[in-house]
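Please consult the sequence and the model alongside the text.

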Amino acid sequence: MNEADYALGYAEAELRRLTTQAQLIDPITRRFLEAAGIGKGMRVLDIGSGAGDVAFLCREMVGTTGEVVGTDVSVSSVERATLRAKEANTSRVSFRHGDAAGLDFEQPFDAVVGRYVLQFMPDPARSLRRIVRHLRPGGIVAFHELDWDGARSSPSSPTYDRVCNWLSRTIEAAGAQARLGTRLASVFEDAGLPAPNLRLEAVIGSGPRALEVAHLVTDLVETQLPTMERLGIAASSEIGHPTLLDRILSEAGRSGILIGRSEVGAWTTKPD
């Protein structure tokens, strides 16, 4: 995977969006990683770290006796994550620039993890097969990916449903996979790994809590507007971003439910 493969880009606004998103999604990722067995004292490799959110989450989980190394193909992302670690005075977490599939490390890892990263790889199974060489035998492989087919509203909020469709089409047209979450089992098996354990969650909200779910899509629309227009998915005038959030919430009303994209966790262990 190289920097051009990340369909959502590395603009400053996108990195800020990822950090804001993490505040809502981190609890789900934590549950996936805890179920996978990530714990104290482990040495963890985080793939596609971006601004470092999953790496910092893993740092909490492995404690002072563990270590986390994050990687990303974007120089700006690595610089931002490194700065965040320095500002937080967080020890035993570091970041390296490059594709983890091609990097070399002095010691094997106890676990390799990633969130929203395999979906942007041209051949995720091939990349995963190369990445797990950094694991010790019996090491944990755990990834958290999305399936945009899970995003919906009940009763239907036409604007929310339409925007989710625009976003999934944009992601696919830009070269990524918007539904990889529910295909993780085949990706693991094609990479030569045992069939993974699978778990699905979703962010869901009604009334005041619908705001969090709506922001997951409206914040992404904000950073993807140029791409959506360039690919002919939707015009800026059609999207109407300045009023988009208010329109979605107005349609949902006090009792309507907004359901976010399916959050899928998959984990297994490297054969001995």
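In this predicted model, the largest pocket has a lining of 10 residues, and Thr20, Leu24, Glu212, His215 and Asp219 are those nearest its centre. Its volume is about 170 Å³. Two elements, helix 1 and helix 7 (210-230), each contribute at least two residues to the lining of this pocket. Sorted by class, that lining comprises 3 nonpolar, 4 polar and 3 charged residues.

The structure contains 2 cavities of 30 Å³ or more. For the second largest cavity the volume is about 40 Å³, and its lining consists of Thr29, Phe32, Leu33, Gly114, Ala142, Phe143, His144, Gly265, Ala266 and Trp267. Helix 1 (12-36), strand 5 and strand 10 (262-269) are the elements that give two or more residues to this lining. The lining of the second largest cavity has 6 nonpolar and 4 polar residues, with no charged residues.

Strand 4 may be considered in its surroundings. Because 7 of the 7 residues of strand 4 (residues 109-115) are buried, this strand is largely enclosed by the rest of the structure. Strand 1 (residues 43-47) runs parallel to strand 4 and is joined to it by 4 bridges; here aspartate 46 stands opposite valine 113. Strand 4 also pairs with strand 5 (residues 135-147), again in the parallel sense, over 6 bridges. In this pairing, arginine 115 stands opposite histidine 144 of strand 5. Together with helix 4 (residues 124-131), strands 4 and 5 form a β-α-β unit that is right-handed.

The loop between strand 4 and helix 4 holds tyrosine 116. Its phi is near 55°, a positive value in a residue other than glycine. Is tyrosine 116 buried or exposed? With a relative accessibility of 11%, tyrosine 116 falls under the 20% limit and therefore counts as buried.

Arginine 92 belongs to the loop between helix 3 (75-87) and strand 3 (93-97). Its relative accessible area of 42% makes arginine 92 partly exposed.

Helix 2 (residues 53-62) has 9 of its 10 residues buried, so this helix is largely enclosed by the rest of the structure. Among the buried residues are Asp53 and Arg59, together with Phe56, Leu57 and Met61. Glycine 63 follows helix 2 and has a positive phi, near 75°. A further backbone detail concerns the peptide bond from serine 154 to proline 155, which is cis, with omega near -10°. Proline 155 lies in the loop between strand 6 (152-154) and helix 5 (158-173).

The overall dimensions complete the description. The protein chain has 9 helices and 10 strands, and 56% of its 272 residues count as buried. Its C-alpha trace spans about 55 × 35 × 30 Å along the principal axes. The radius of gyration is 18 Å, which agrees with the value near 19 Å that a compact globule of 272 residues would have.

Technical notes
Residues are numbered from 1 along each chain as its sequence is written. This is a predicted model: local features need pLDDT of at least 70, side-chain atom pairs count only at pLDDT 80 or more; totals for chains, interfaces and linings use all residues. Side-chain values use heavy atoms; hydrogens and water are left out. Buried means under 20% relative accessible area, exposed over 50%, partly exposed in between (1.4 Å probe, protein chains only). Two strands pair if DSSP finds at least two bridges between them. A crossover is right-handed if, with the strands pointing away from the viewer, the path from the first strand over the helix to the second runs clockwise. On a 1 Å grid over the protein atoms alone, a cavity is a set of points where a 1.4 Å probe fits but cannot get out, and a pocket is an open set with protein on both sides within 12 Å along at least five of seven lines; lining residues have an atom within 4 Å of a point. Grid points are joined across faces, edges and corners, and a volume is the space filled by probe spheres set on the points. Ala, Val, Leu, Ile, Met, Phe, Trp, Tyr, Cys and Pro count as nonpolar, Asp, Glu, Lys and Arg as charged, and the others, Gly among them, as polar. The radius of gyration is taken over C-alpha atoms; the globule rule is 2.2 Å times the number of residues to the power 0.38.
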